[in-house]
Amino acid sequence: MTEEKVKSNPEPGVPQFVASDFNSTTKLADNQIDDDDYNPFEHRQIDKPNSTSGSLIHLLKSSLGTGILAMPVAFKNAGLIFGAIGTVIIGLICTHCVHILVKTSHDVCKRTRIPVLGFAETAERVFQYGPVKLRRMANFSRNFVDYGLMATYYSAGCVYIVFIGSSLEKVINEMAGLQWDIRIYILLTMIPVLAIGQIRELKFLVPFSALANMFIVVTFAITLYYIFKDPLVFDDKPGFASFATLPLFFSTVIFAMEGIGVVMPVENSMAKPQHFLGCPGVLNTAMGVVITLYAVIGFFGYVRYGNLSAGSVTLNLPTEDVLAKVAQLLIAAAILLTFGLQFFVPMDIFWKKIHDKIPKDKHNISQIAIRSGIMILMGGLALAVPNLEPFIGLVGAVFFSSLGLLVPCVVESVFLWPNELGTFKWILVKNVIFGAFAVFALVAGSYVSIEEIVKMYTENGHTE
């Protein structure tokens, strides 16, 4: 695995975007130094930094995945007007939480004279130099973020497997006149998944990602064609759905929009990291595009398909049309090709935590066994919950709301405690409100999603 290349060096430079940025591996200083003259950006040195435009593309690619295809079903759970307004508000909240995480990381780097910190390292340092009573939680906070990232990526990988199986079921059953259950297609999906998941070098995954991006662009174009090819009917769509389904809306949008795991690696890889925040800035530009696209796909996708909106809008395309079949197969292939990168990140974190406990001559066979075992568990979970809508809601509620919303609010509050929280401690009040929203999304979204999963078995006895 590529080693961490960021060094504390007085020569100007920047870090390379490597997988180790996702976890806690950076060597940290042993003492705190509050020095307003220290600029961490000038002390980053790496071989191949990313340009501002390249970083923008990375951030956009990380946010425009399977989530955008689930936006019509999110609007189904919210209603047309509430869905549009809610998507924008949640998008702004997600953007702000990413902003305060990156800003806090910059401030911690400056205060401790460390050129670069990852997500988990930032959380650790904040608690390490925070209020005395909280300092013992420094190691816990780092592990919480690391294990949270692993759980997030593994869970999203399960969604990928269900997504691929759903697409294959839709197309092959139609073309071959079969009535095979989705679980058969999930089992078939596991064959290439087990092979792709064994790739351990990031450079070997680049061609897969490039091909997947091409497939996704073509699929988006075909989907938009079907959404807009006939006149749209707005009158029969409610402005507000119901309070009972709102938690599913919140958790689905959070799942779709949150890319918290890649934010710090992208920022740490920039030649000009000062361009990440600010106005317009990489973050604001990327999230502006993301919020707009998600709102448009969600709004018009729901107008087109109404209450029939599926967990992926591609599943609503008419399978009797060749063009629709092409879109469904392309998106299945794109998600399959992306699985390697999705699986690479948590495995990199996990392996760094355990590799020193395994004899070196057993590393290769251990990697194969551990990777295969985890993927089999992921496939088992996909077989148990082969329904995209509640699965996406559950993952968004449990993992993305906690890591993407709650943790940044806690980190900022602890770092600024007690004298830098603004007039009347407005920053603390703001973070308490956003934190409460995150907890609501976690608890209510999880409850409703689990309830839907239970209904799937108790009422229907099988997946529709």
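Ser-141 is found in helix α6, where helices are DSSP runs of H or I with at least four residues, numbered from the N terminus. The model is a predicted one, in which local features need pLDDT of at least 70 and side-chain atom pairs count only at pLDDT 80 or more, while totals for chains, interfaces and linings use all residues. Residues are numbered from 1 along each chain as its sequence is written, and side-chain values use heavy atoms, with hydrogens and water left out.

With a relative accessible area of 7%, Ser-141 is buried; this term means under 20% relative accessible area, whereas exposed means over 50% and partly exposed lies in between, for a 1.4 Å probe and protein chains only. The side chain of Ser-141 reaches the backbone oxygen of Ala-138 at 2.6 Å. This is a polar contact, that is, a pair of N or O atoms within 3.5 Å; within protein, one must be able to donate a hydrogen and the other to accept it, and residues adjacent in sequence count only if both atoms are side-chain atoms. Apart from neighbours within four places in sequence, Ser-141 is in contact (heavy atoms within 4.5 Å) with Ala-123, Glu-124 and Phe-127.

Helix α6 also holds Val-162, which is buried, its relative accessible area being 0%. Not counting residues up to four places away in sequence, Val-162 touches Ile-182, Ala-382, Val-385, Pro-386, Asn-387, Leu-388 and Phe-391. The C-alpha atoms of Val-162 and Glu-389 are separated by 10 Å, although these residues are 227 places apart along the chain.

Ile-182 leads on to helix α7, which comprises the 15 residues 182–196. The expected span of a helix is 1.5 Å times one less than its number of residues; for α7 this gives 21 Å, and the end C-alpha atoms are 21 Å apart, which agrees. At the start of α7, a side-chain oxygen of Asp-181 comes to within 2.9 Å of the backbone nitrogen of Arg-183. A kink of about 30° lies at Met-190, shortly before the proline Pro-192; the bend at a residue is the angle between axes fitted to the seven residues ending there and the seven starting there. The buried residues of α7 include Ile-182, Tyr-185, Met-190 and Ile-196. Those buried residues pack against α6 (138–176), α12 (322–354) and α13 (363–384).

Aromatic side chains form a further set of links. Rings of Phe, Tyr and Trp (its six-membered ring) pair if their centres lie within 6.5 Å; planes under 30 degrees apart count as stacked, over 60 as edge-to-face and the rest as tilted. By this rule there are 16 aromatic pairs. Phe-82 counts as partly exposed because its relative accessibility is 29%, whereas Phe-249, at 0%, counts as buried.

Phe-255 and Phe-400 form another edge-to-face pair, 5.4 Å centre to centre with 85° between the planes. Phe-255 lies in helix α9 and Phe-400 in helix α14 (residues 388–416), so the pair ties together parts that are 145 residues apart in sequence. Phe-255 is buried at 7% relative accessible area, and Phe-400 is buried at 9%.

Methods
Helices (H or I, at least four residues) and strands (E, at least two) are DSSP runs, numbered from the N terminus.
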